[in-house]
Amino acid sequence: MLIDGHGRRVNYLRVSVTERCNFRCQYCMPEKPFSWVPRENLLSFEELFVFMKVAMDEGVTKIRITGGEPLLREDLDTFIRMISEYKSDIDLALTTNAYLLYESAQKLKDAGLKRLNISLDSLKPEVAQKIAQKDVLAKVLKGIDKALEVGLGVKINMVPMKGINDDEILDILEYCKKKNIKVRFIEYMENSHATQTIEGMHGKEILAKVKEGHVLKALGREGASPSFNYMLEDGTEFGLIDPHKHDFCESCNRIRLTAEGFLIPCLYFDEAMSIRESVKKGDIEGASKVLAKVLADKPKENRWNEADNGGENEASTRAFYETGG
Ligand code: SAM
Ligand code: SF4
């Protein structure tokens, strides 16, 4: 079992397979970065897998593939298959913008993928285009339908932003209700890579919007999930991910691995340790030692809540497209 320096059980590994993306979301990567990580610096699937096996053997039971846009990485289904064949009961999920999903959903399902989280910030083509800086909505919606058709579990992620898509919270809820899928509203997390004029919505503001159309019942957090769940009067459930709150970190159960081989203990902070040399040499013991050190040093909590509590606005300098959100 993996336990961090604050006594929290860590059983969830998020693996970013590329920092590259085909969208330019205003809250994440509004401009192409000055330089991408050169392709030769990316770890191969086999090298990433050397570390992932160590993590699974030591107690990781849930793996999420993310990015950048993970569907841009060639032969992703082969990687999914490697993981699902190693441990058939692994909770294996993927986070995607769904632009390339129509073409790949069946292959991913056949390879052993169970669930998808899909980013959907607007149902209006012009607003989706404004956020992603590309005309994306039709392909994204087609991708969602295909994923449901092939039997993949689907959840929707929406990041509400003031003056951009805050008037669509109820519409996205309604869309998800019709499709029988769950939406999680995510508070915008301030970071230095985003368009700096963006104003996110705090959890209570998001809930106030939902209350304009519904009666809510709080259900609570589901295990170590960062999502606090609510139920509408008709039984529809949705989640709220509110990293500006302290209790969000109290049950943190995750670490992140980047495509270059950095193991990151917390989404907010810059600290990371590399497993690159270990996995290139097939040094299992070395990889395991780095994992132990990263767990021992895992921060207690992020600093997004400080601005809320009258402190300075502490935007993170970490890029979401690098860590995978
Ligand atoms: N490209 C994929 C996607 O968009 O779903 C996967 C990577 S993306 C970095 C993972 C998640 O992070 C997405 O749901 C996205 O909405 C979220 N995200 C990115 N930047 C964010 C920010 N500044 N605040 C809150 N969520 C953010
Ligand atoms: Fe790309 Fe996802 Fe970031 Fe949007 S949120 S720019 S789709 S990595």
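Which residues are around ligand 2? In this predicted model, the residues around ligand 2 are Cys21, Phe23, Cys25, Tyr27, Cys28, Met29, Gly68 and Asn97. By class, the shell around ligand 2 divides into six nonpolar and two polar residues. No charged residue belongs to the shell.

A search of the whole structure finds zero disulfides. Cys176 is accordingly in no disulfide. The nearest cysteine sulfur to that of Cys176 belongs to Cys25, 17 Å away. A disulfide would need the two sulfur atoms within 2.5 Å. Cys176 has a relative accessibility of 1% and therefore counts as buried. Cys28 also counts as buried, because its relative accessibility of 17% falls under the 20% cut-off.

Ligand 1 has 20 residues around it. Tyr27, Gly68, Ser119, Asn157 and Met189 come nearest. The shell around ligand 1 divides into seven nonpolar, eleven polar and two charged residues.

Polar contacts to ligand 1 involve both backbone and side-chain atoms. A nitrogen atom of ligand 1 lies 3.0 Å from a backbone N or O atom of Tyr27. An oxygen atom of ligand 1 lies 3.1 Å from a polar side-chain atom of Asn157. The side chain of Asn191 places an N or O atom 3.2 Å from a nitrogen atom of ligand 1. On its own, ligand 1 has 540 Å² of accessible area, and the protein covers 95% of that area.

Rolling a probe the size of a water molecule over the atoms shows where empty space is left. The structure holds one cavity of 30 Å³ or more. The largest cavity contains about 60 Å³ of space. Its lining consists of Ser16, Thr18, Glu19, Val37, Leu42, Thr258, Ala259, Glu260 and Glu322. The lining divides into three nonpolar, three polar and three charged residues. Val37, Leu42 and Ala259 are the nonpolar members. Ser16, Thr18 and Thr258 are polar. Glu19, Glu260 and Glu322 are charged.

Methods: Residues are numbered from 1 along each chain as its sequence is written. Chains are lettered from A and ligands numbered from 1 in the order in which they are written. This is a predicted model: local features need pLDDT of at least 70, side-chain atom pairs count only at pLDDT 80 or more; totals for chains, interfaces and linings use all residues. Side-chain values use heavy atoms; hydrogens and water are left out. On a 1 Å grid over the protein atoms alone, a cavity is a set of points where a 1.4 Å probe fits but cannot get out, and a pocket is an open set with protein on both sides within 12 Å along at least five of seven lines; lining residues have an atom within 4 Å of a point. Grid points are joined across faces, edges and corners, and a volume is the space filled by probe spheres set on the points. A residue is near a molecule or strand if one of its heavy atoms lies within 4 Å of it. Buried means under 20% relative accessible area, exposed over 50%, partly exposed in between (1.4 Å probe, protein chains only). A polar contact is a pair of N or O atoms within 3.5 Å; within protein, one must be able to donate a hydrogen and the other to accept it, and residues adjacent in sequence count only if both atoms are side-chain atoms. Accessible areas come from the Shrake-Rupley method with a 1.4 Å probe; for residues, only the protein chains shown count as cover.
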